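Please keep the sequence and the model in view while reading.

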Amino acid sequence: MHPIILFDGDCLFCHASVYWIAARDRKAVFRFAAQQSAVGRTLLETMGAPGGDTVVVTIQPHHKVS
């Protein structure tokens, strides 16, 4: 499972940050979703987090501890 970075889809700074991260993510570790998208809204609801902030939020996947 990949970490998902949620970003404000209306924020130009957030879009620029996503492009910056994606350009440097050579191993394609991260996935991206706008907070306003269906996936973004579902993730925010699941976490109980408010949306609409212009801060990039990283959601770490659950890791199995062995």
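The sections below move from the overall fold to individual residues.

## Overall architecture

The model described here is predicted. The protein has 66 residues, and buried residues make up 26% of them. Its secondary structure consists of two helices and three strands, arranged along the sequence in the pattern β-α-β-α-β.

Among contacts between residues at least 6 apart in sequence, 67% join residues at least 24 apart.

## The β-α-β unit

Strand S1 covers residues 4–7 and strand S2 covers residues 31–34. The two strands run parallel and are joined by four bridges. Two of the residue pairings can be named: Ile 4 has Arg 31 of S2 as its bridge partner, and Ile 5 is partnered in S2 by Phe 32.

Helix H1, spanning residues 12–24, belongs to this arrangement as well. Together, S1, H1 and S2 form a β-α-β unit that is right-handed.

## The nonpolar core and Phe 7

Which residues make up the largest nonpolar core? This core has five members, namely Phe 7, Cys 11, Cys 14, Val 18 and Ala 34.

When neighbours within four places in sequence are left aside, the residues in contact with Phe 7 include the core members Cys 14, Val 18 and Ala 34. Also in contact with Phe 7 are His 15, Phe 32, Ala 33, Gln 35 and Gln 36. Of these partners, Phe 32 is the residue that pairs with Ile 5 through a bridge.

## Ala 28 in the loop

The loop between H1 and S2 contains Ala 28. The phi angle of Ala 28 is near 50 degrees, which is a positive value in a residue other than glycine.

Is Ala 28 buried, exposed or partly exposed? Ala 28 counts as partly exposed because its relative accessibility is 38%, whereas buried means under 20% and exposed means over 50%.

Terms used. Residues are numbered from 1 along each chain as its sequence is written. This is a predicted model: local features need pLDDT of at least 70, side-chain atom pairs count only at pLDDT 80 or more; totals for chains, interfaces and linings use all residues. Side-chain values use heavy atoms; hydrogens and water are left out. Two strands pair if DSSP finds at least two bridges between them. A crossover is right-handed if, with the strands pointing away from the viewer, the path from the first strand over the helix to the second runs clockwise. A nonpolar core is a set of buried Ala, Val, Leu, Ile, Met, Phe, Trp, Tyr and Cys residues joined through side-chain atoms within 4.5 Å. Buried means under 20% relative accessible area, exposed over 50%, partly exposed in between (1.4 Å probe, protein chains only). Contact means heavy atoms within 4.5 Å.
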